[in-house]
Amino acid sequence: MSSGQKPYAGFQAAPISQKCGHNSQSSRIDNKGRFQVQTATQQGSAAMTSSASEDHSQAENSGLILFISLVATIGGFLFGFDSGVINGTVDGLQQAFQSQSVGTGFNVASMLLGCAAGAYFAGRLADHYGRRTLLRWAAVFFIVSAWGSGIADGSFEFVIYRILGGLAVGAASVISPAYIAEVAPARYRGMLSSLQQVAIIFGLFMAFVSNYLLANYAGASTQSLWLDFAAWRWMFWIELLPATLFLLMLLFIPESPRYLLLTGRQADGEKVLHTLFGERCAQKKMAEIQRSLQANHAPRLSDLRDPATGKLRTLVWVGLGLATFQQLVGINVVFYYGAVLWQAVGFSEADALLINVISGAISILACVLTLLVIDKIGRKPLLLWGSVGMFITLALLVYAFANAVQDESGNLLLGEHGTLALVSANAYVFFFNLSWGPVMWVMLGEMFPNQIRGVGLAVSGLAQWLCNFLITMTFPLLLTGIGLAGAYGLYALGALLSIAFVLKLVHETKGKELEEMQ
């Protein structure tokens, strides 16, 4: 990199951004040495002068950064919508394809195989073809999947289209938060990255609302709606609208500057950094990014090993743990089988779909709260509080289900424990979306060093979706085998183990630059 190159002014936590901003006006600041020491170690240092604050705010194009982040989170919205839409279609799938519990479980869980492959290959391909390019392909796959899932005439055809959708969901799940992390200043990177989970939950919520309205209008999900197609088919086709919008909006955002520098395209990276952050600290930032890369080779899987020991880096194990524990608490049973769950304890289909809507609204509230506090409280405390809260609420659900009475049709009658079950289930959803829901994706997007971010996300995303598939595929079997109380007892155990995992292995990443992640 030549000394004449200029790039980037603010893509960082307050400490580095402030230091960088002051360095650009060092001839106008007294006591430079003392100021630099303070701003390098203290966020919001009292030594921060108003002139430096003005310099930083003028350099940073916050509006454009927010716009880019919002476009990227449409992928999260589609992730949520595509995951949640299946919730209201289970009865229709069973009737149309004549499937039993195992077949239904695979129809629902088939998308997750695509998610696992999409997360793994997208994480690796993003290092070769770019974050934006992978998101564009994901948008195309969302469109094809939404259309195909609605026109499918049999399980095999349906599964193919759902796997295509899964490839898109898996890609969006790892690339969107990574892309946001790579363009966001560290001082509010957690907030912008948390938008991804807000978008996921909003997508789930809108899928639940759409399913409820369509089923209610038709009379049931299996009844004919417009053009003599059953309502459950229209539930899939509604997704065509946001998927097309996503593809169009991706035409207006730049490639990640860190990816451009990773692949040696310094002039392009410099241009993007100038556009996003101005020129004041560009040279310094580019130097920091370059120093964090092992320039002698392209990213590869072997980078996940510690060169000193030859073993898998501890950081990678933490990423795998975060990815799997997020699923072992059983949250996607609520997302995918919520209607089935509440019908199993005596609610009608309409009431069950309405409960899903309420749960979606609670989830959005929790995610918004996390968005507001994650850069103040930090990631680790939120994970810990969430694990404790989920364990308690899951244990209460187990108690309610264990004390229910089974009627002649096999449904559980909760009786006086009905209110406890409803409140506990929604409190469980609240704690998840206050913590593990958004925080896991935030940490995976930011915790890996630049050199291994793509491959680190690939293996973590693969683990997350394989675990998701396992939980989703086994729930119908657990439901008929050990019952709701037994199934939720296993998820409560997952929440309990996650407490020990967080306490022992998770380290705080709040306010750290991506170049500091080692």
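Buried means under 20% relative accessible area, exposed means over 50%, and partly exposed lies in between. Keep those cut-offs at hand for this tour of a predicted model.

**Start with Asp268**

Select Asp268 together with Arg265. Their side chains meet in a salt bridge, at 3.3 Å from N to O. Arg265 has a relative accessible area of 38%, so Arg265 is partly exposed. This salt bridge is one of 4 in the structure.

**The whole chain**

Now zoom out and colour by secondary structure. The protein has 22 helices and 2 strands. Of its 518 residues, 59% count as buried. The accessible surface is about 19,500 Å², and carbon and sulfur atoms account for 63% of that area. Among contacts with a separation of 6 or more, 82% are between residues 24 or more positions apart.

Select Arg162 and Asp82 next. They form a salt bridge in which the closest N and O atoms are 3.5 Å apart. Arg162 belongs to helix H8 (residues 155-183) and Asp82 to helix H4, so the pair ties together parts that are 80 residues apart in sequence. Are these two residues buried or exposed? Both Arg162 and Asp82 are buried.

Move on to Arg379 and Asp375, whose side chains also meet in a salt bridge, at 3.1 Å from N to O. Arg379 has 0% relative accessibility and therefore counts as buried. Asp375, at 16%, counts as buried because the cut-off is under 20%.

**Aromatic residues**

Show the rings of Phe, Tyr and Trp. A search of the whole structure finds 18 aromatic pairs. For one of them, select Phe77 and Phe202: the pair is tilted, with 5.8 Å centre to centre and 50° between the planes. Phe77 is in helix H4 (residues 62-84) and Phe202 in helix H9 (residues 189-218), so this pair links distant parts of the chain, 125 residues apart. Phe77 counts as buried at 15% relative accessibility, whereas Phe202 is partly exposed at 37%.

Then go to Tyr120 and Phe121, an edge-to-face pair with 5.1 Å centre to centre and 80° between the planes. Tyr120 has 16% relative accessibility, so Tyr120 counts as buried.

Which residues make up the aromatic cluster? Select Trp147, Tyr217, Trp226, Phe229, Trp234 and Trp237, which together form one cluster.

**Helix H19**

Select residues 418-434, which make up helix H19. How far apart are its end C-alpha atoms? They are 24 Å apart, which agrees with the 24 Å that 17 residues should span at 1.5 Å a residue. Next, highlight the buried residues of H19: Gly418, Ala421, Ser424, Ala425, Asn426, Tyr428, Val429, Phe432, Asn433 and Leu434.

Finally, switch to a surface view and select Phe67, Leu248, Leu251 and Phe252. These residues make a nonpolar surface patch of about 420 Å². Leu248 is placed in helix H11 (residues 240-249). With 47% relative accessibility, Leu248 counts as partly exposed, because exposed would require over 50%.

Conventions: Residues numbered from 1 in each chain as written. Predicted model: local features only at pLDDT ≥ 70, side-chain atom pairs only at ≥ 80, totals over all residues. Heavy atoms only, no water. Patch = residues over 30% accessible without salt bridge, like charges linked within 9 Å, V, L, I, M, F, W, Y side chains within 5 Å. Areas by Shrake-Rupley, 256 points an atom, 1.4 Å probe, with all protein chains shown as cover. Helix = DSSP H or I, 4+ residues; strand = E, 2+ residues; numbered from the N terminus. Buried < 20%, exposed > 50% of the residue type's maximum accessible area, 1.4 Å probe, protein only. Expected span 1.5 Å × (residues − 1). Contact = heavy atoms within 4.5 Å. Phe/Tyr/Trp six-rings, centres within 6.5 Å; stacked < 30°, edge-to-face > 60°.
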